[in-house]
Structure formats: C-alpha cells, structure tokens
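This report is a guided reading for someone meeting the structure for the first time. It begins with the display below and then moves from single residues to the sheet.

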Amino acid sequence: MDDDPSVLKALQRTLRVRALLSKTFGSAREFLASLPDGLPECLIVDLQMPEMTGLELHHQLTRSGIHIPTIIITAHSDIRLRERSETAGIFAVLFKPLQNASLFATIDAAARHDAAIKIERGPRS
C-alpha cells in the first residue's frame, strides 16, 4: 500500500516476477474496506501516507484483533522508526529504493512467521 501510484505499479510488477499474488491500495481506508474479502498473508505499507500512516494502520489492525505480518517501507532513514516499529510488532522496515532480493527474503520470512503462528494457535473452533 502506497499513496504514490508509480510505487504501487512498480511493487506489483516486482511481486508478479516472483509469482506472488498481490492487491494494491492507495490508502489505508481502501485497504480497511477490503478486509471483509479476506486477510492478506503479508502487508507491505508505506510509512508516510495521508490520513493514516503505516504505523497507525498497524496499530488499528492490532487493536481490532487482526494480526498480519507487516512490512513498513519508507524513504526516511530514522533510528527511532526501527525502535517504534519493533515495539509495535512490525515484522520489518525496508528503505526505498527497495532491493528485490531483500524484499523477497523479507516476504518469505514473514510468510514463514505467519504460518508458524497459525500452527501454534491451532485450529479455531
């Protein structure tokens, strides 16, 4: 999710190369409206977006009991961002411009982490 259409298009193309299914959203509001259609295995969200930042979106999801491995992407290198992200339970922070190998490795790790947590929780009754 990014408010820059060119970033969304590039990210979707990059994910398609790896045969990863993706949906793009230009805002947190659009993403939240899509939740009844199902949860993604991983959420890639820009830190700086209008109306609601990536961290604010993650906090809202968590407060609602929705846990999605979240990868924050940002053009701003800030030590405090890493600390705030770790405290909030963000899976990873990646800096723009994104490196494909790093992005794919992070997505794979997030998917493994999510699968392990689902196994740990067991079937829901």
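A residue counts as exposed when its relative accessible area is over 50% and as buried when that area is under 20%, with partly exposed in between. The model shown here is predicted, and the description that follows should be read with that in mind.

**Residues with a positive phi**

With a relative accessibility of 64%, Glu-51 is exposed, because that value is over 50%. Glu-51 belongs to the loop that runs between β1 (43-46) and α3 (54-63), and its phi is positive, at about 75°, although the residue is not a glycine. Ala-19, which is likewise not a glycine, has a positive phi near 60°; this residue sits in the loop between α1 (5-17) and α2 (28-34), and its relative accessibility of 67% makes it exposed. The table sets out the phi and the accessibility for each of these residues.

| Residue | Phi | Relative accessibility |
|---|---|---|
| Ala-19 | near 60° | 67% |
| Glu-51 | about 75° | 64% |

**A cis peptide bond**

Another local feature of the backbone is the peptide bond between Lys-96 and Pro-97, which is cis, with an omega of about 0°. Pro-97 is placed in the loop that connects β3 (92-95) with α5 (100-121).

**A buried serine**

Is Ser-85 buried or exposed? Ser-85 is buried, because its relative accessible area is 2%, a value under the 20% cut-off. This serine is part of helix α4, which covers residues 79-88, and, when residues up to four places away in sequence are left out of the count, Ser-85 touches Leu-55, Ile-90 and Val-93.

**The sheet and the helix across it**

The strands form an open sheet of 3 members, arranged in the order β1-β2-β3 with parallel pairing. At the edges stand β1 and β3, each of which pairs on one side only, and the twist from one strand to the next averages 25°. In general, the strands of a sheet pair through backbone hydrogen bonds, in either a parallel or an antiparallel manner.

Between β1 and β2 (residues 70-74), the parallel pairing extends over 4 bridges, and Val-45 stands opposite Ile-72 of β2. Helix α3 lies across both β1 and β2, and its direction makes an angle of about 140° with β1.

Definitions and conventions. Residues numbered from 1 in each chain as written. Predicted model: local features only at pLDDT ≥ 70, side-chain atom pairs only at ≥ 80, totals over all residues. Heavy atoms only, no water. Helix = DSSP H or I, 4+ residues; strand = E, 2+ residues; numbered from the N terminus. Buried < 20%, exposed > 50% of the residue type's maximum accessible area, 1.4 Å probe, protein only. Contact = heavy atoms within 4.5 Å. Pairing = 2+ DSSP bridges. Axes fitted to C-alpha atoms, helices over the stretch in contact; angles between N-to-C directions.
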